Amino acid sequence: MIKRTVVIAAAMLAAGTGSAVQAETLKYAFQGALNALDPYSLNETFTLSSLGNAYEGLTRRGADLAIEPALAESWEIIEPNRWRFHLRKGVKFHNGNDFTAEDVAFSVDRVRSEGSDLTTRVPADAKVEIVDDYTVDFVLTGPNPILNYEWDTFYIMDKEWTTENDAVKVTSASDTTPNYAALHANGTGPFKIVTHEAGVKTVYEKFDGWWDEAKHNIDTVEFTPIGSDATRVAALLSGEMDMVYPIPVQDIKRINDNAGTVALTGPELRTIFLGMDQMRDELLYSDVKGKNPLKDARVRKAFYQAIDIEGIKKKVMRDLSNPSAIMISPLLFSKSDEFERYPYDPEAAKALLAEAGYADGFSIGMDCPNDRYVNDESICQAVASMLARIGVKVNLNAQPKAKYFAKILASGGYDTSFYLLGWTPSSFDSWNVLDNLMNCRDESGKGSPFNNGGFCDEKIDQLTDEILVEIDPEKRDNLIAEAFRISHENAYYIPLHQQSLAWGVSDKLDVVLRADNQFKFRFVTKN
Amino acid sequence: MIGFAARRILQALIVMLVVALLAFTMFRFVGDPINQMVGIETSIEEREALRERLGLNDPVAVQFFRFITNAAQFDFGTSYQFRQPVSELFAKRIPATLELSFTSALFALIVGIPMGIYAGLNRESPISKLFLSVSLIGISLPTFFIGILLIFLFSVTLQWLPSFGRGETVQIGSWWTTGFLTISGLKALILPSITLGLYQMTLIMRLIRAEMLEVIRTDYIKFARARGLPDRLVNFRHALKNTLVPVITITGLQLGAIIAFATITETVFQWPGMGLMFLQAVQNVDIPIMSAYLMLTAFLFVTINFIVDILYFFIDPRLRVGRP
């Protein structure tokens with residue numbers, strides 16, 4: 001530590017002689033820890049967001065989430081199945097190595113290897129052909145309009161560095177020896193990771209050799225995980241932190257009232273929705289025996305119309321949610337305004353139930369996480385009391401995410417009748433939603449693994465296949481709208497809302513609150 | 001003596017085995033670790049492959065035997081979250097926890113003993129009554145609440161002390177880091193130590209007060225006073241000395257409790273010690289860290305009990321007499 005302090009002091013001294021600019025340190029906290037630094041070992045927003053300050057992909061996303069060139073200067077589809085990427089010249093890794101086509105080919109191999117959690121970033125059957133040092137071709141087996149949609153978080157690693165340090169194999173939890181890449185990072189990004197003590201502190205420093213012009217004025221970044229909500233907020237209020245996230249909705253007013261801090265809020269991409277078991281012939285948790293009431297679209301619509309979404313928005317979410325009629329954020333789908341929620345109407349819901357033969361209602365078990373989404377358990381409680389008004393008795397089982405997901409996902413045998421879940425398509429594209437949530441599946445989860453309710457509509461499956469290969473954007477969006485319409489008309493899911501992001505920020509700081517909840521230091525200025 | 005020690009060691013080993021078994025059974029109910037280790041979009045096949053590689057599909061008996069064999073060699077595996085060996089992670093976290101625990105114990109003693117003496121000697125004075133009311137608060141308020149209260153008073157409102165972390169630390173030797181040598185490190189110690197030590201402080205204070213009241217009524221104190229010895233000598237030389245025996249025993253045992261149950265305080269203050277790591281591990285179903293922590297805690301208590309037993313052997317002659 002002493003040694004490091006000396007080095008930093010020397011660096012500041014050196015910087016001081018060149019210009020009179022003061023060294024700016026950005027201190028921020030998040031609720032969870034940055035675990036391993038290997039960019040392929042965990043497909044999770046916070047990990048990828050943090051590492052995205054040190055590593056970069058061929059593309060990146062701007063403040064408005066639009067895809068921008070990054071390590072690739074430009075790309076073109078030269079044949080329907082062949083994409084050509086022109087790489088940026090003169091890019092250096094943090095250790096001084098040059099970035100070339102070799103590194104891209106290497107990273108593609110590594111990201112698809114065993115132990116990687118990001119294998120879907122590049123299709124398994126795609127081939128990489130190196131044309132020259134700065135040109136790479138991706139050869140696909142079929143057209144794919146969204147090949148590069150997730151590449152902003154598919155980070156390019158240095159082949160030489162990774163091989164030298166014996167880290168070609170992706171860090172996996174089953175490893176018995178620590179992997180070099182899990183403890184060190186060597187990217188091309190605007191910041192390099194100087195020290196990393198998992199769960200305690202991570203220090204970044206500005207990378208002077210970055211290829212892009214720095215718009216930020218930050219020299220050092222210190223990240224500390226703070227798990228307790230109250231402590232995290234206190235650290236911001238006391239001025240020890242420049243930025244903390246997420247902040248609990250009930251603390252937003254306090255942060256705004258405090259001199260020197262503001263709460264930034266904005267819509268998140270995640271859609272919160274309710275799913276229903278439509279696969280089993282008899283529900284696991286219900287007093288209806290011998291048949292499954294949720295297979296009847298009228299019952300599902302009755303559930304839908306019984307839910308007072310504005311009430312949830314006002315009372316549970318404190319106005320920090322946007323009610324949604326479809327299963328994807330309106331920011332991610334151009335035709336989302338064509339959809340409208342079924343109106344809240346308990347009388348109509350009761351009539352629908354009676355029509356389906358359940359005039360006296362029935363009982364049903366509901367599964368809900370209590371530490372995963374904003375106010376998740378309270379939403380479920382609200383839904384339960386709203387359904388009680390139409391005679392449906394809900395037995396709520398709210399539990400921590402570790403137990404919840406183990407129960408309702410494939411690994412738990414889809415052990416649920418009625419559940420609450422949230423979904424953000426990592427590609428920011430509707431196909432991901434259709435593929436993961438809306439296609440048919442078998443009992444083991446083959447097909448759409450997260451279609452926990454297991455409904456099966458062949459028309460949606462067929463549309464999903466067409467959407468995958470449709471290149472024309474207008475036609476593609478029409479197909480997507482058609483698939484969403486089928487889901488809406490049959491009430492296969494009950495979408496609830498997009499929750500809001502909430503960051504607490506010192507007013508000395510200019511930051512960009514990106515809807516994907518990624519915190520990028522390159523957008524930060526401190527004054 | 002040797003037979004006595006050997007029996008105790010055997011008993012300790014059995015306790016450790018039972019703890020291991022209990023811990024191991026418990027982990028089957030905390031949730032599925034795989035879900036915490038991969039992103040939500042990871043396919044079922046990949047999840048299964050990972051489960052297989054981690055040996056989570058083996059029969060429970062096989063898993064337990066593997067765990068015991070490795071634990072006996074101090075190998076607790078690799079953390080699911082951090083992808084680092086658990087023993088290394090603990091080695092890094094132990095200094096933080098120990099420094100916090102010792103400072104808390106010191107605080108409890110330095111503040112608790114004088115308060116106890118005062119309250120014992122002047123039982124009717126208003127200050128004593130104040131001490132007693134304060135100690136009631138210390139015993140009845142939950143730790144996390146005291147912590148948050150202190151943070152809002154001293155960090156947010158007054159801005160005197162940091163609300164989280166250890167401040168700047170200095171590396172000593174290859175694995176010990178200390179916060180004792182920097183100003184920010186010392187400042188960071190104050191609030192967590194008070195939070196963690198408050199309960200022990202009140203305990204010690206009440207204990208000393210009760211003992212003092214007891215001792216002062218005994219004949220030899222009365223005689224001492226009758227002999228005209230000055231109050232200072234009677235109170236501190238004769239009375240206090242005799243009250244300290246149970247205090248020392250309790251303090252020793254409480255030190256174990258402080259180290260093992262610093263979990264809550266560490267979480268409130270984001271103190272990078274073992275307890276914080278344990279709670280994070282519970283949330284993320286990081287079984288290797290959880291099991292190592294439970295084994296370590298059990299080991300700590302078993303060791304303290306063993307030492308206490310051996311000490312009794314020396315202190316209490318009745319344990320020695322009457323044995324062949």
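**Where the chains meet**

I started with the contacts between the two chains, keeping in mind that this is a predicted model. On chain B, 45 residues are in contact with 47 residues of chain A. I then checked which elements of chain B supply that side. Each of these gives at least two residues: α2 (33-37), α3 (44-53), α7 (143-157), β1 (170-172), α11 (263-268) and α12 (274-283) of chain B. I noted α7(B) in particular, as it gives the most, with 5 residues. What is that side of chain B made of, nonpolar, polar or charged residues? I get 22 nonpolar, 18 polar and 5 charged.

**A sheet in chain A**

Next I moved to chain A and looked up a sheet. It is an open one with 4 strands, antiparallel in its pairing, and I read the order as β4-β5-β7-β6. I wanted to know which strands stand at the edges. They are β4 (72-79) and β6 (127-132) of chain A; each has a single partner strand, so one side of each has no neighbour in the sheet.

Opposite W75(A) I found F85(A), which sits in β5(A).

**What packs on the sheet**

Last, I looked for a helix on this sheet. Helix α3 (residues 101-111) of chain A packs there and touches β5, β6 and β7 (135-139) of chain A. I also noted its direction, which makes about 175° with that of β6(A).

Methods: Residues are numbered from 1 along each chain as its sequence is written. Chains are lettered from A and ligands numbered from 1 in the order in which they are written. This is a predicted model: local features need pLDDT of at least 70, side-chain atom pairs count only at pLDDT 80 or more; totals for chains, interfaces and linings use all residues. Two residues are in contact if their C-beta atoms, placed from the backbone, lie within 7 Å. Ala, Val, Leu, Ile, Met, Phe, Trp, Tyr, Cys and Pro count as nonpolar, Asp, Glu, Lys and Arg as charged, and the others, Gly among them, as polar. Two strands pair if DSSP finds at least two bridges between them. Axes are lines fitted to C-alpha atoms, for helices over the stretch in contact, and angles run from 0 to 180 degrees between N-to-C directions.
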